[in-house]
Amino acid sequence: MMLFKDRPYIIELLTPRQSDDDFEKKLELFAHRYRKILASDAIVSICDNPLGNIHFTAMEVVGFLGLPLDPECTLLHLNSFHRKVDFDLFLRYAREKGLKHLLVVSGDGGPRLARLEPSELGLDAPTATSVELLRYIEREHGGFFTCGVAFNQYEPLKEEREKLHRKLDAGARFIVTQPVIAADSHVEGLRIEGVPVFVGAWMSKHIDPLCECIGVKKPASADYDPDFNLARIHSRFPSWGIYLAQIGFKRPWENLLTRMPGAAGVGAAAGSPGAAGASTGEAAS
């Protein structure tokens, strides 16, 4: 299964928030970052209202700015905190533009965000989790989309693996993990799943937000070195791709993004000699 033109890096990008003061400046910044990601032969990964903050959608911003869309180099996040009409509009627009790669997560709620009900999706379930979203997307769009799902290695392993298998049964075709900040046998164990896996790298020195989000203690060293951590991930997962969150856009990336397209074998299955890897900061359920 070929994913993302076999490119080894996915880089996370946020659209402007609807509450941002200097909206035009934020749009210019988004455009600059978007172009830099594509120029680096990486995949642009656009989040969906992360941490419950309301952002403009990827399609709104990209369309308004007239930016180029490469279906093979774009990963759109989609969660359950939408009105049904907006959820369907998102999928129809993405399909019309040929954007077929989705990262489907339950998402982060907020007081201003509606949440889909399973009955709206024609499904019998207590809540609309990523499993229900996957089933609906597969039913309504006939396999057009290639959907990925999150894996939270910081949750109890047995329950998280059970959730993962439900997602795979519902149609997920690749996996992303939460950012890896230490040796992690739970992530390495994903080799047996037989689908591409993307391992995450937290690229900001400010690690407190990540630790609070995933519920782990801050590393013993007061100085977290994201470059060293990335190098360790390169070494520990030499045949996997990487998802970069919170990367600095002002710095050059030449010494960070050292893998060539195809070198990580992103199209290969996770248990084979050339599987992929990544990560995300959004809710992993």
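This is a predicted model: local features need pLDDT of at least 70, side-chain atom pairs count only at pLDDT 80 or more; totals for chains, interfaces and linings use all residues.
Entry 1, total. I looked up the salt bridges and found that the structure holds 13. I then went through some of them by residue.

I found a salt bridge between Arg 7 and Asp 41, with the closest N and O atoms 3.9 Å apart. Arg 7 sits in the segment before β1 (9–13) and Asp 41 in the loop between α1 and β2 (43–46), so this pair ties together parts that are 34 residues apart in sequence. I checked cover for both partners. Arg 7 has 14% relative accessibility and counts as buried, because the cut-off is under 20%. Asp 41 is partly exposed, at 36%.

For Asp 20 with Lys 26, I read 3.6 Å between the closest N and O atoms. Asp 20 is buried, with a relative accessible area of 15%, whereas Lys 26 is partly exposed at 34%.

Entry 4, helix α3. I looked at Asp 88 and Lys 84, whose side chains meet in a salt bridge of 2.6 Å, N to O. Both residues lie in helix α3 (residues 84–96), 4 residues apart, about one turn of the helix. Asp 88 is buried, with a relative accessible area of 15%.

I searched the surface for gathered charge and found a negative patch made up of Asp 21, Asp 22, Glu 24 and Glu 28. I placed Glu 24 in helix α1 (residues 23–39). Glu 24 is exposed, with a relative accessible area of 63%.

Note on methods
Residues are numbered from 1 along each chain as its sequence is written. Side-chain values use heavy atoms; hydrogens and water are left out. Patches are made of residues with over 30% relative accessible area and no salt bridge: like charges are joined within 9 Å, nonpolar side chains (Val, Leu, Ile, Met, Phe, Trp, Tyr) within 5 Å. Accessible areas come from the Shrake-Rupley method with a 1.4 Å probe; for residues, only the protein chains shown count as cover. Lys and Arg count as positive and Asp and Glu as negative; His and the chain ends are not counted. The place of a charge is taken as NZ of Lys, CZ of Arg, CG of Asp or CD of Glu. Helices (H or I, at least four residues) and strands (E, at least two) are DSSP runs, numbered from the N terminus. Buried means under 20% relative accessible area, exposed over 50%, partly exposed in between (1.4 Å probe, protein chains only).
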